[in-house]
Amino acid sequence: MPQHRAACVTDSTVDHLDAVSVPQGALRQAGVVGAPRCRKSQKKLARRSHRRHHFLQNSTTVRFIRGQPVSDLLPHDARPAAEVVRERGRGGPHKGQQTRATILEAALNLASQMGIEGLSIGALAEVTGMSKSGVFAHFGSREELQISVIREYHERFEEEVFRPAIRQPRGLPRLRALFDNWVAKVATEIDSGCIYISGAVEFDDRPGPVRDALAGMVLMWHGALGRAIRMAVDLGHLRPDTDPMQMLFEIHGLILSLHHDARFLRSAGAVERARTAFERVLQFYAAGAPSKPTGSAAPSGAAGFGGVSAPLASC
């Protein structure tokens with residue numbers, strides 16, 4: 001590519017000049033690029049540049065009085081030319097991240113109202129005021145957009161539900177905090193809906209990368225709950241014969257009932273009923289409580305928390 005050059009200083013009082021390579025964008029901000037040129041100085045500059053300097057391609061050459069610091073010509077945050085050249089053609093990473101975050105925020109809002117399957121490049125372009133090609137550039141496909149939304153939802157779920165709970169002592173205090181935070185999350189989603197639950201309805205019989213991503217996030221959350229239950233057993237807070245998978249199944253059922261009654265039936269007392277039911281579950285499995293009756297479901301065995309063939313959605 002041709003080398004872009006700025007004008008040179010031709011004041012007769014200049015005793016000596018030297019050449020440096022600086023970012024063209026920074027020079028434009030400093031008001032140097034676009035200054036008038038003289039043909040004689042251009043020829044002299046070309047000869048001297050060929051003889052003494054090897055400039056970076058696409059850099060801008062400026063001549064200035066020896067001893068004058070570059071900071072006098074450039075903005076305070078100007079970077080070396082080599083660094084600018086490496087980034088040219090890619091765009092600013094910070095701006096790209098902000099744009100992607102804006103798109104994901106809009107996508108989450110759409111998915112909570114229309115479901116994951118309702119997401120499309122065109123719908124997001126309309127909501128964000130961007131072009132379809134602009135949205136497409138950040139994700140590449142509708143499928144990747146859907147998966148990115150699932151990951152973003154999981155990160156927020158983890159931040160609101162999981163992380164505050166693990167600061168509690170191990171055992172029942174942590175298990176109780178996990179459930180309380182989960183209930184609080186569902187309560188805030190009564191109007192918007194839970195992507196984990198709605199996504200399970202949409203993709204329960206539709207194999208593919210989107211379902212795999214959704215199931216993987218749900219299983220990750222189930223694994224955290226299962227570990228909290230096992231810790232409570234190890235610490236003696238729950239009966240030694242407690243089946244963590246069975247207890248997790250019952251707790252998850254409470255959340256599904258809460259979501260159904262609060263969102264679909266608009267039942268005013270759904271949250272309190274869920275909390276009351278959770279306390280009954282704890283009483284049943286609490287250390288010192290009678291052993292579970294004969295004929296109850298057997299432990300899940302090798303399937304564990306990460307190998308269930310048909311994982312339940314959770315929220």
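Predicted model: local features only at pLDDT ≥ 70, side-chain atom pairs only at ≥ 80, totals over all residues.
Residues are numbered from 1 along each chain as its sequence is written, and side-chain values use heavy atoms, with hydrogens and water left out.

Start with the overall layout. The protein has twelve helices and two strands. Helices (H or I, at least four residues) and strands (E, at least two) are DSSP runs, numbered from the N terminus. Read from the N terminus, the order of elements is β-α-α-β-α-α-α-α-α-α-α-α-α-α. Of the 315 residues, 37% are buried. Buried means under 20% relative accessible area, exposed means over 50%, and partly exposed lies in between (1.4 Å probe, protein chains only). Take the contacts between residues at least 6 apart in sequence: 77% of them join residues at least 24 apart. Contact means heavy atoms within 4.5 Å.

Now turn to helix packing. Two packed helices are described by the angle between their axes and the distance between the axes. Axes are lines fitted to C-alpha atoms, for helices over the stretch in contact, and angles run from 0 to 180 degrees between N-to-C directions. Angles under 35 degrees count as roughly parallel, over 145 as roughly antiparallel, 65 to 115 as roughly perpendicular and the rest as oblique. A crossing is left-handed if the near helix is turned anticlockwise from the far one by less than a right angle, and right-handed if clockwise. For residue classes, Ala, Val, Leu, Ile, Met, Phe, Trp, Tyr, Cys and Pro count as nonpolar, Asp, Glu, Lys and Arg as charged, and the others, Gly among them, as polar.

Take α7 and α10. Helix α7 spans residues 142-166, and its axis comes within 9 Å of that of α10, crossing at roughly 10°. The two helices are therefore roughly parallel. Their crossing is right-handed. From α7, the contact uses E143, Q146, I147, I150, R151, H154, F157, V161 and F162; from α10, it uses P209, V210, A213, L214, M217, M220, W221 and A224. By class, these residues are 13 nonpolar, two polar and two charged.

Next comes α8, residues 172-188. It packs against α10 at about 150°, with the axes 8 Å apart. So α8 is roughly antiparallel to α10. The crossing here is left-handed. On the α8 side are L172, R174, L175, L178 and W182; they meet W221, A224, L225, A228, I229, M231 and A232 of α10. This contact has eleven nonpolar residues, no polar ones and one charged.

Helix α10 covers residues 209-234 and α11 covers 244-264; their axes come within 9 Å and cross at roughly 120°. The pair is therefore oblique. α10 passes α11 in a right-handed crossing. H222, L225, G226, I229 and R230 of α10 touch P244, M247, L248, I251 and H252 of α11. Six of the contact residues are nonpolar, three are polar and one is charged.

Setting aside residues up to four places away in sequence, D204 touches G199 and R211. Its C-alpha atom is 9.3 Å from that of A215, eleven residues away along the chain.

Beyond α11, R266 lies in the loop between α11 and α12. Phi of R266 is near 55°, a positive value in a residue other than glycine.

Finish in α12. Is A274 of this helix buried or exposed? A274 is buried, with a relative accessible area of 5%. Apart from neighbours within four places in sequence, A274 contacts F179, L254 and L258. E272 is exposed, at a relative accessible area of 52%. Its C-alpha atom is 9.7 Å from that of V183, 89 residues away along the chain.
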